[in-house]
Amino acid sequence: MAWSLLLLLLLIGGSAAFYFRDRSLRRGLAQARRAKEKVELEESRLFEFLHSLGEAFSTDLRPDDLHRLVVESAIRILNAHGGALYTVNRDGLGLGARFISRGCPPLAEVPPHVLQQIENNPQALHGYLRLHTVEPGEGLVGKVWRDEDAILLLPQDTRLSQLRDNTHQTHSAMLAPLVFARQNLGVIAIANGPLSAAFTDADFSTFKAIAEQSAFALYNAMIYLLADEKKRMDSDLQVAQEIQRILLPPGSPTLRNYEIDGINLPARQMSGDYYGYIRVAPDRWGVAIADVSGKGVPASLIMAMCRSVLRGQAVGKTSAADVLNQVNRQIYPDIKEDMFISMAYLLLDENGNDITLCRAGHDAPLLYKAGTGAVQKLNPPGMALGIDSGDVFERITRDFTLQMETNDCLILYTDGVTEALDIKGNEYGFKRMTLSIQASAHQSAEAIRKHLTDDVMEFIGGHEQNDDITLIVIRKK
């Protein structure tokens, strides 16, 4: 009897243990199945989002369209009522709303006067949010951007009060920073109203994955946009460079008793230097060299203006100073206070020996005398163009006459020659320039110019050219 009772108890205990083990196993399998379904759902959602982006990138997608696509795809995939995308402004100091969908609550702080306007004009809120710049830490969007931390707001979260107004009763929301390659590009947010279920942890996980992929897409779009802008700018600069090349002499004029040769070597794509030859009378020529303070496109635009005025004033005049006086008076009202133009302008008669020179604050021309082999600086007084309206300029800037003899050379240049730097930071300087002139002065004007240019470039070596280089050589036959 005892043995039978014991056997019965063992059978009952074994059955109970088997039942609970089976129940536990089934519960574990169900949990695993739900976890798998959760992962599969998240993967399916993310794949759908990536598919939407992929289709969009296969077309010529504008930034505004990409912003809309990111938000609307997130709304659709997560069954949200509304959403918004904020990205960093160009100055990097705040966020601007790039897309706000219908049904999206205000994600930035709204002033009381705007809230009052909403009662009569619901569009006032949308207009304000699109124009308002969100600063770091301002409202939920500003805090997420500053902290770089995603947040899930559930119905009991007191922070949801910031997303409620007379037209929006937000039940739950999710916000995430858009970070890629260590760059904080902005914030994406979606929200649900009280008629929808609150977002779940699974939704939040999917949303953060969407934010990561959105940041990647926005970053790539930004890179493509910058590359496209650079391509357009390079094209515009190439056109401008060609126009500037046309403004410089296509070659050197042939004169009866003189040889002349010049060159311009820009440090950048655009040059702030200028040189030119102007036929002012049948046997008289004007020769100009100039340098605008600054470099690049702004300097080249000022120089183009100066060239136009100079050519308009030069014809028929016999005084170099008179020409520069008129040029100064015309350009002074249109030139910025922090800019000026140095210029040397001379007049020569093909049949004579005299040259009339006026130096408006420009580097002193160098005169090589064949009889002695000496090189001297010509330093007549003068003031740069654009500094004074005219009275002081005309009192200081005067004509200076020099006489040229056979084989004498006059060299006009910009400071890009004497201030050229080698790899150690040493300047080319006046002494080396003098030696180069003396070494080639017995040759033609073209040969002297080429020898001097080659010497400067050899001195610079592998170092980047730090300023525009312009040279004119005039040699008396």
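Trainee: Is K450 buried, partly exposed or exposed?

Mentor: Buried means under 20% relative accessible area, exposed over 50%, and partly exposed in between (1.4 Å probe, protein chains only). K450 has a relative accessible area of 45%, so it is partly exposed. One note on sources: this is a predicted model, where local features need pLDDT of at least 70, side-chain atom pairs count only at pLDDT 80 or more, and totals for chains, interfaces and linings use all residues. Residues are numbered from 1 along each chain as its sequence is written, and side-chain values use heavy atoms, leaving out hydrogens and water.

Trainee: Which residue forms a salt bridge with K450?

Mentor: Side chains of opposite charge can pair when their charged atoms come close. The cut-off is a side-chain nitrogen of Lys or Arg within 4 Å of a carboxyl oxygen of Asp or Glu. Here the partner is D454, with the closest N and O atoms 3.0 Å apart. D454 is partly exposed too, at 40%.

Trainee: Where do D454 and K450 lie?

Mentor: An α-helix has 3.6 residues a turn, so residues three or four places apart point the same way. Both lie in helix α12, 4 residues apart, about one turn. Helices are DSSP runs (H or I, at least four residues), numbered from the N terminus.

Trainee: How many salt bridges does the whole structure have?

Mentor: A search finds 13. Among them, R62 pairs with D65 at 3.3 Å between the closest N and O atoms, and R146 meets D147 at 2.9 Å, N to O.

Key: Helices (H or I, at least four residues) and strands (E, at least two) are DSSP runs, numbered from the N terminus.
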